[in-house]
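Colleague: I am new to this model and would value a close look at one part of it, the residue that its record marks as an active site. Please describe its surroundings in a connected way.

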Amino acid sequence: MSNFVLSLSFWVTFLCCLLCSSQARWHHHSKQKHSHHHKRSYISHPPTPSPSPGDGDYINETNIFDVRGFGAVGDGVADDTEAFKMAWDMACQSDDAAVVLVPYGYSFMIQSTIFTGPCHGHLMLWVDGTLMPPDGPDAWPRNASRRQWLVFYRIDGMSLEGGGVVDGRGQKWWDLPCKPHKGPNGTTLPGPCDSPIAIRFFMSSNLTVQGLKFTNSPQFHFRFDGCKNVHIESIHIKSPGFSPNTDGIHIENTNGVGIYNSVIYNGDDCVSIGSGSYDVDIRNITCGPSHGISIGSLGVRNSRACVTNITVRDSVIKDSDNGVRIKTWQGGYGAVRGITFSNIHMDNVRNPIIIDQFYCLTKDCTNQTSAVSISDIEYTNIKGTYDIRSSPMHLACSDAVPCTNLTLSEIELLPAQGDIVLDPFCWNAYGDLQTLTIPPVSCLQEGLPSSIKLNNDNEYC
């Protein structure tokens, strides 16, 4: 009788989640600008994990594929890769919606694996237990990719949900001598440096990620490449501030993305948006300690980059090296346009507002005459405190391609320590102050530059 009640409870939960996922698949991001009359919002936290069905014997209901039923041990030591592959294949071949169940109370170790589609019906990977990779570079199989751990490829209609944990076990990867600041006197040393992205979705669509906790990835926690219609809701990403390149969510060549009601703190950007991305809505995020929320870096090695219609709103950034940032390399081409940062609270943040068109990871980057153009950027209702080691606003635009149509209103940034308010920095930045700002941005030039060498970004993007 108890197994029947547990199964019935799970099916009710599954159907509710499936309905939500179906709604997410039809989520549409309008290219119209969002209203900027937002009230200050409170950050939602991920839901408390609910008990998983199948705490005893594995579930064998139709279309529920418990990985233990395929031989998974779940002791954190045994290699459960093949069991997960078999459960995935069976669920993927189901004509109806199917669930791969990772039950509560178990820790499953999985090698670097690609889960492929397309599947016959909607597939849900429901994680209430813990997923983990081999523990560090020495435990990683020599014939397995060191650049990625779990990959979902060519999936149309998938949910990754539950109340469990995805633990990337990143500490031994962060300690590689090649990593930043691991060598003597803050230097890096030569040697193998590839580290796996924890979860990568590649060329997939109609995706939902909800409710899980993700910790200690060796590199990025999430990466979405060539995807569309992605809904991320109520997740918690946590890695130490010293962990290198552990971006929370990275988006590349992806569109129709919503990231909502989540908490991210790590050793790099909470969210980073790469080239080819558009129609991205980020709302109600608590970010930091981190490197902030970034567009870029773009244009590396003289490449083309296009990013449009991005909105970040109703969020908090705290104890971070940057707030809202746009970063491009010299020598690239293309455009960043139609970006809105609205209703964001800064708490002890270096560079709360930053455009850096001279982005460089070394000291020997040469000046170049082409650049990714930046225009139509709106900053509204950004308030809070900044770390006095940097100015509150840093608008460093290309010598050859100035930033244009930067709009600032209701900006109030005060020092986190002391009473001295630092002046903003501007270089070749043009735009409009719609209200008084604190501090005053007297360095922003009005109108448009009298002469400008344009890259004709319309042709490129």
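Modeller: A polar atom in the side chain of H291 lies 3.4 Å from the backbone oxygen of G267; a polar contact is a pair of N or O atoms within 3.5 Å, and within protein one must be able to donate a hydrogen and the other to accept it, while residues adjacent in sequence count only if both atoms are side-chain atoms. The model is predicted, so local features need pLDDT of at least 70 and side-chain atom pairs count only at pLDDT 80 or more, whereas totals for chains, interfaces and linings use all residues. Residues are numbered from 1 along each chain as its sequence is written, and side-chain values use heavy atoms, with hydrogens and water left out.

The "active site" label for H291 comes from an unreviewed UniProt entry; UniProt positions follow the numbering used here, feature names are shortened, and annotations may be inferred rather than shown by experiment. H291 sits in the loop between strand 20 (277-287) and strand 21 (293-298), strands being DSSP runs of E with at least two residues, numbered from the N terminus. Its relative accessibility is 23%, so H291 counts as partly exposed, a class between buried (under 20% relative accessible area) and exposed (over 50%), with a 1.4 Å probe and protein chains only.

Setting aside residues up to four places away in sequence, H291 touches G267, D268, D269, D321, N322 and R325, where contact means heavy atoms within 4.5 Å.

Definitions and conventions. Helix = DSSP H or I, 4+ residues; strand = E, 2+ residues; numbered from the N terminus.
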